[in-house]
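This report describes selected local features of one protein model.

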Amino acid sequence: MSVQRYHVIGQEHCTFYIYSATNEWFLFSGIPTTMKSLPSKFVLDEQTGFFTTTFETTIPERYFVYCHIALDLRGFDVETVQLQAEKIFFQQLYTKQQEQQLAISEIMIALNSDLKIKPLLQKIMEYSLEAIPSIDRGFVMLFDEKENRLFTVAKKGTTDSIFNYSPSSGEGIAGYTFQTGESGIYDINAAQKIMWNISHQNALALEHALSDNASKNLITMAVPIFSDTRKFGIMIVHQYSNKMPFQFRDLQLLKSFASQAAVALKNAEAYEQIEQLNRDYEHNNTIHQLFLDLTLHNANESLILEQTIALLQRDIHYVNLLNRDTFPSDYTVNQLKSITEPSIHLLPQKTYVYPVKNEHQIFGFLLFETEHPIEADDKRILENASISLALMAIQFQVKSQTSFKERFELFQHILAGQAPLLDPRYEDLHLTIYVPTFCIVIKISNFTNWHVVQFIEHLTHYYPSHPFIFTQADQVVWVIQANEAFREKLLQQLPTHLEGWVQFHQQPIMIGVGTIQENLLKISTSFNESEHAIRHHQKTGIGISIVRYEEIGINRLFGNHASEDIQNFITQVLEPLIKKKDSVLLDTLICYVEHNRSILKTSEALHIHQNTLYHRLQRIEQLTKRSLNEPDQLLELTLALHLFRTYAQ
């Protein structure tokens with residue numbers, strides 16, 4: 001046989017078979033063959049001259065390639081023929097790789113040009129089909145933690161029924177890939193084994209999604225989408241046409257796309273978070289500006305509440321601690337007083353309570369009924385409404401304090417006898433010069449400006465025609481123009497009207513009431529009387545103590561005496577009894593005076609023998625150097641005891 005050294009072999013003469021990743025023989029174009037083992041390296045059919053050869057390559061990965069050349073090659077050098085066959089195979093492979101690299105470049109551009117999650121995943125799915133020509137269709141699924149299921153977000157080559165396919169973790173190939181985190185290439189038999197646990201509903205959805213080519217499906221390739229320890233979802237692709245079968249390189253490439261998808265998802269999530277932050281900022285700024293405009297334009301409480309109700313789309317109730325009319329009727333404000341932070345409370349029903357406050361003072365509460373947690377947007381609206389209402393309360397407080405100062409200056413002129421007979425402030429305060437007038441002084445413990453403003457507004461609610469109320473140090477001074485009948489009615493009603501305020505704030509109130517004077521210019525007398533009366537109140541703890549000046553009896557004689565003089569008198573007379581370690585003698589003297597110096601009644605009250613009482617009384621006379629039988633000296637002892645019990649305790 002003559003041997004020729006060279007012959008041109010074209011692609012049209014060659015048919016290539018490769019050993020695929022599923023351990024089967026396929027035509028390079030994708031059709032499976034029935035070959036069971038690796039053919040011999042060189043075979044020449046002497047009748048037809050057709051040549052077959054088998055070779056192995058490791059570029060770009062390990063392939064076993066079987067080549068059939070339909071050309072009469074009798075008399076040609078077999079090694080040269082094989083080299084030409086390998087060259088043609090690698091030319092075809094290189095062409096596919098070039099197409100693949102172009103598609104990969106387009107994917108990289110797409111990843112850098114879009115940060116929206118679903119459009120981005122759709123592009124990755126489409127470019128994956130271009131980058132791996134063996135893929136005919138595929139879809140991307142993301143995992144929903146709340147639903148504990150995978151849901152399709154991008155697809156190519158399937159019907160829309162794929163969006164109804166929602167396997168749980170571990171269910172079917174999709175669920176298995178997500179659960180295990182393992183990538184794989186599955187032929188028909190392997191796929192059927194994994195799909196055993198798919199639900200009937202998901203099976204129907206998948207069948208309808210793949211109905212066009214389901215009978216031709218040859219190979220499935222699935223990879224997880226994950227980053228670090230977080231799993232996002234999976235990518236699944238199918239091959240059902242006559243293409244080069246999936247190789248391990250295709251699997252690696254698909255895994256790299258999945259990695260890019262994971263990075264894209266993280267970037268898209270970060271972008272979405274930034275976008276959400278921007279939207280939140282714009283939304284918050286809009287809400288803030290809206291309430292700021294209301295505040296700057298001195299909108300009243302009703303307008304602020306109307307805007308809040310419109311934004312929240314729900315009924316809102318505002319409990320304004322300055323206004324008793326706003327207190328809800330179905331429960332008392334006492335239930336609110338301990339609430340300092342926004343939260344849901346069981347009042348009569350589940351009620352969301354948002355305090356209106358600054359750092360140290362609570363001005364009121366925004367309330368509405370709800371069964372569910374409050375959304376962030378709703379909290380922002382309530383926060384801005386609360387700030388506007390708090391600013392309005394602070395402005396009212398500042399305005400009130402300014403008004404109190406002006407009233408106090410006028411009152412000081414009246415007390416000093418320097419009040420003008422004509423002054424526009426009289427009319428503003430509903431005061432007339434020549435009308436019977438009396439004064440009430442009210443002392444509030446734990447004094448703060450806000451407490452006093454609340455207290456005055458509380459009183460004004462019940463007595464709107466008697467507004468001349470102002471603060472002086474830790475006291476509230478109230479000037480009232482009325483007759484004796486109104487004075488008595490007022491003093492009877494005050495405990496009832498102040499009861500709610502005392503219960504809410506848990507603060508005692510001491511009230512001193514002066515007598516009625518014939519006109520406003522003589523108010524200084526009533527004012528001094530009310531101050532003197534308030535010094536003689538009885539300590540009652542949390543509650544209301546009202547003392548009329550005419551009720552303090554003999555104490556009126558000491559109204560103009562300095563407390564230092566009174567204390568010196570008490571010390572001079574009773575010091576020998578007061579400084580003793582025990583109070584037996586002092587208590588005996590008090591009891592003796594209270595029982596009108598009756599030996600019998602005093603001894604019975606003290607549970608002692610009469611002789612013991614006589615002995616104690618003698619001892620008292622010795623220590624005080626005063627006789628209990630001398631009227632002047634007895635009066636001195638009795639008066640000292642009264643003052644001691646009134647001023648020293």
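A cavity is here a set of grid points where a 1.4 Å probe fits but cannot get out. The model is a predicted one, and a search of the whole structure finds two such cavities of 30 Å³ or more.

The largest cavity holds about 40 Å³ of space. Its lining consists of Leu321, Arg324, Phe327, Gln454, Trp501, Phe504 and His505. Helix 11, which spans residues 484-505, gives the most to this lining, with three residues. Sorted by class, the lining comprises four nonpolar, two polar and one charged residues.

**Surface patch**

On the surface, a nonpolar patch is formed by Leu421, Leu422, Tyr434 and Leu521, and together these residues have about 480 Å² of accessible area. Leucine 422, one of the members of this patch, is placed in the loop between helix 8 (376-415) and helix 9 (424-428). Its relative accessible area is 79%, so leucine 422 counts as exposed.

**Salt bridges**

How many salt bridges does the structure hold? The count is 11.

| Arginine 149 | Glutamate 171 | 4.0 Å |

In the salt bridge between glutamate 171 and arginine 149, the closest N and O atoms are 4.0 Å apart. Arginine 149 belongs to strand 7 (149-156), while glutamate 171 lies in the loop between that strand and helix 3 (172-180), so the pair ties together parts that are 22 residues apart in sequence. Glutamate 171 is buried, with a relative accessible area of 6%, whereas arginine 149 is partly exposed at 31%.

Aspartate 160 is exposed, at 53% relative accessibility.

Aspartate 378 has a relative accessible area of 13%; because buried means under 20%, aspartate 378 counts as buried.

Leucine 292 is part of helix 6 (residues 248-296) and is partly exposed, at 30% relative accessibility. Between leucine 292 and asparagine 384 the C-alpha to C-alpha distance is 8.4 Å, although the two residues are 92 residues apart in sequence.

**Backbone geometry**

Which values of phi are found at asparagine 596 and lysine 625? For asparagine 596, phi is near 55°, a positive value in a residue other than glycine. This asparagine 596 sits in the loop between helix 14 (584-594) and helix 15 (599-606), and is exposed with a relative accessible area of 68%.

For lysine 625, phi is near 60°, again a positive value in a residue other than glycine. Lysine 625 is located in the loop between helix 16 (610-624) and helix 17 (631-648). With a relative accessible area of 73%, lysine 625 is exposed.

Methods: Residues numbered from 1 in each chain as written. Predicted model: local features only at pLDDT ≥ 70, side-chain atom pairs only at ≥ 80, totals over all residues. Heavy atoms only, no water. 1 Å grid on protein atoms, 1.4 Å probe; cavity = no way out; pocket = protein on both sides within 12 Å on 5 of 7 lines; lining within 4 Å. Points joined across faces, edges and corners; volume = space filled by probe spheres on them. Helix = DSSP H or I, 4+ residues; strand = E, 2+ residues; numbered from the N terminus. Nonpolar A, V, L, I, M, F, W, Y, C, P; charged D, E, K, R; others polar. Patch = residues over 30% accessible without salt bridge, like charges linked within 9 Å, V, L, I, M, F, W, Y side chains within 5 Å. Areas by Shrake-Rupley, 256 points an atom, 1.4 Å probe, with all protein chains shown as cover. Salt bridge = Lys/Arg side-chain N within 4 Å of Asp/Glu carboxyl O. Buried < 20%, exposed > 50% of the residue type's maximum accessible area, 1.4 Å probe, protein only.
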